[in-house]
Every structure is written in C-alpha cells, then in structure tokens.
Amino acid sequence: MIGPPHPSTPEFSKNAPADADDISSQPHASDFSSRLNKLENLFEIISSQTEIDFPVCVDCESALVDGFKQKFVESCQERDSYIDFLNNLKAESEPSEKEVTQLQLDIKNLELENKECLSNLKLAEDEKRQIEKELEDLQKEIDALDQEEGDFYKARNEFDLEMAELHDEKDRVESIYEKESNQLEKLQKVNVYNDVFCIGFDGYFGTINGLRLGRLKDIKVEWSEINAAWGQVLLLLATVTNKIGFKIKGYRLRPLGSTSRIEKLELDERTGEYVKVASLELFSSGDYPLERILNHKRLDAAMLAFLAVLKQICDHIESTDDSLHAPHVIADDKIGGISIKLSMSTSNENWTTACKFALAS
C-alpha cells in the first residue's frame, strides 16, 4: 500500500510544498505541528477522492503517470470506437414508408395475437379453475367411495360371519333332518295296520290278531272268540274309512270289542240329516236252538250291513284307482258267491268261508 513517506526522507523534502522550509525554520514546535496537521488533513481529502493514498513518493508518482497514460490511450481508443459507431449509424439509410407500414401492420398483428393469447390464457385459467373444482369434487367422491367401500367390507365381513354361522346351523339341521328322514323312512316302511290288525289263516279259518272267525262242524270255536274277531274286523273297517276320509252312507260303525254294533241310519226329510233307526248287533251267543234263531237273526242283519259298508268302501277305492279291485265280488248277502247269513239252512263251512272272504277283502 502506498502511504505518505516519513518527513525526514529526501523525497518528502523534495516534493513538499515551499512552505515546508518555513515550517522547519520556525523556532516554535507548535506552529510546525499545526502545519503538519493541515497537510495530513489535505492528504486525507485528496486520498478519499482517489484510489491512491497521498502523499506519494517519486517511484509511485512515475507508476501513477504511466497508469494514467495507459488509461488515456484506452479512453482515446474507446472514443474512436464510439465515433465510428456513430458514423455508421448516420450512414445507414432511414426505413422506407412501405417498411414502416409493414412494421405497423406487424405490430397490430402482434397486438391482436397478443390479445387473442390473453383471451386464450383467460379461458385456460377458467378451464383450469373448473378442472380444479372438478378434481376437488372427484376427490370428495373418492373419499365418499372409500368410506362406502370401508362400510361395505365391514358389512361384508359381518355378512360372511353370519353366513358361516347359518351354514353351520344348516349343516346341523341337515344332519338332524337326514337322521329324522331315515327314521321316518324306516317308520314308513312299517305297516302299522299289519302290526295292529294281523290278518292270517289258521287252517280253514281266517284270523285277525290270532282270533278265528267262523266255526266248523268238528271244530267248535267259542262265540266269545268269534265276537272278539268281529270286533277287530269292525275296528279295522272304521280305521280304514277314517284313513281314506270316506263317509259311509246309511250306516255308522260302533267298534266296541266283543259287543260291536252297526247303526243303521235313514235320512230325515224334515232336517236333512241322518238319524238312527236301528242298532245291529255284530255278535251272538249260545248254541241252543232258540237262542241261535234269535241271536243269529240279529247277527245276520249286522253282517249284511257290514257287507254293505265293505262294498261302499271297495267301490270308492276302485273309482279312485283303476288298478285296484276287490278280490271277491259282493252282491246282496253274498261275497265271492257265498252267502254270509248264518241260519239253520246254511252250513258252518259256507259261513266260515264267507267270513274268510270278508276278512280277505
């Protein structure tokens, strides 16, 4: 850095102002100090106006002069360049009227294009705002759909759980159903009527639940057994009519074991209902001639009523199913061509056969 030389140096003495000799010759130190302060202030002012600190030495002065000369040369060259550029501008010809008109037209076109671009920009901004609004609405819909999807999967999980429970319950019910169906099938294969009313044959006799129905000359079946057999037969007939839902016309069955009866009915024209007119006893007792005449006559009437009821049932079954037919034809007091009446003129063998046919029907 260039700084002020010491006052005792020769350069300082040489370049100092003329008053420096006077200052050094002053007898009083205070005047010298005052002048020195003034010089320092002056150098500071000059130094603040330039990039060089004053005072300078001889070498620095030479360097400064060379620098200023170089700057002067560069400034002259720059001045010449500006002069040449200015001359070139002046040398150029001014634009023609056609070129001015074309330039003005281009300017107008550019202004129109700029206006159109601004309009398009405004439309684009409006469209952008519309799209942003649509995107916002779509985002709301997406959020709603996400919530709905979450609710759906929650409901689906609950439904799957409920379905699993129902499936388990279904399997349990199906297992019970299969078990009960098998049991029902077994029960359906069981013929209750065969178990309750076991009809068979014992030699020449027809039997029901082991009770013989009929009697022979050499085999005297007790009337208590015959009466019990007729009671079982009448109970079977009443059970069949109830099973098929058939309503007997003119008769009402009263199965009462060994003292079973058949009530004969007639239609009352005043009331339009059937009323009992007689009770026919389907049982007998005693082998004495007088008892046989009286009791067998009542038994014959009851057996004829039994055949009439049996014929109604057979006719009803044949009318509902053509493939079913009674094994023995019933006509009046005969079944299979044999009279069922038990009288003095009828043999026990024929009556027993007729009873067997009636039991087999």
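1. Setting aside its neighbours within four places in sequence, F306 is in contact with W230, V233, L234, L237, I262 and A358. Please keep in mind throughout that this is a predicted model.

2. Where does F306 belong? The largest nonpolar core has 42 residues, and F306 is one of those that touch the most other members, along with W230, L253, M303, I335, I340 and W351. The elements that give two or more residues to this core are β2, α7 (223-244), β4 (251-254), α8 (289-320) and α9 (348-360). Which of them gives the most? That is α8, with 10 residues.

3. Now step back to the whole chain. The protein chain has 9 helices and 9 strands. Of its 361 residues, 22% count as buried. The accessible surface comes to about 26500 Å², and carbon and sulfur atoms hold 55% of that surface. If you take the contacts with a separation of 6 or more, 46% of them are between residues 24 or more positions apart.

4. Strand β1 (residues 199-202) and β2 run antiparallel and are joined by 4 bridges.

5. The pattern continues on the next strand. β2 pairs with strand β3 (residues 211-213) in the antiparallel sense, over 3 bridges. Here the bridge partner of G206 is L213 in β3. β2 and β3 also form a hairpin with 2 residues between them.

6. Which way do the residues of β2 point? In this strand (residues 205-208), F205 and T207 point one way, while G206 and I208 point the other way. Are they buried or exposed? All of them are buried.

7. Most residues other than glycine have a negative phi. N209 has a positive phi of about 55° although it is not a glycine. N209 is partly exposed, because its relative accessible area of 32% falls between the limits of 20% and 50%.

8. D332 lies in the loop between β7 (330-331) and β8 (334-335). Its phi is near 55°, again a positive value in a residue other than glycine. Why does D332 count as exposed? Its relative accessible area is 71%, and exposed means over 50%.

9. A pair of aromatic rings is described by the distance of the centres and the angle of the planes. How many aromatic pairs are there? The count comes to 3. One of them joins F152 and Y153: the ring centres are 5.5 Å apart and the planes stand at 65°, so the pair is edge-to-face. The limit to remember is that planes over 60 degrees apart count as edge-to-face. Both members are partly exposed, F152 at 48% relative accessibility and Y153 at 45%.

10. Another of the aromatic pairs is formed by W223 and W351. This pair is tilted, with 6.0 Å from centre to centre and 40° between the planes. The pair links distant parts of the chain, since W223 is in helix α7 and W351 is in helix α9, 128 residues apart. Both W223 and W351 are buried. You have already met W351 among the core residues that touch the most other members.

11. Last, find R298 in helix α8. R298 is partly exposed, with a relative accessible area of 39%. The C-alpha atoms of R298 and E281 are separated by 6.2 Å, and the two residues are 17 residues apart along the chain. If you trace the chain from E281 to R298, you can check that separation for yourself.

Note on methods. Residues are numbered from 1 along each chain as its sequence is written. This is a predicted model: local features need pLDDT of at least 70, side-chain atom pairs count only at pLDDT 80 or more; totals for chains, interfaces and linings use all residues. Side-chain values use heavy atoms; hydrogens and water are left out. Buried means under 20% relative accessible area, exposed over 50%, partly exposed in between (1.4 Å probe, protein chains only). Two strands pair if DSSP finds at least two bridges between them. A nonpolar core is a set of buried Ala, Val, Leu, Ile, Met, Phe, Trp, Tyr and Cys residues joined through side-chain atoms within 4.5 Å. Contact means heavy atoms within 4.5 Å. Accessible areas come from the Shrake-Rupley method with a 1.4 Å probe; for residues, only the protein chains shown count as cover. Rings of Phe, Tyr and Trp (its six-membered ring) pair if their centres lie within 6.5 Å; planes under 30 degrees apart count as stacked, over 60 as edge-to-face and the rest as tilted.
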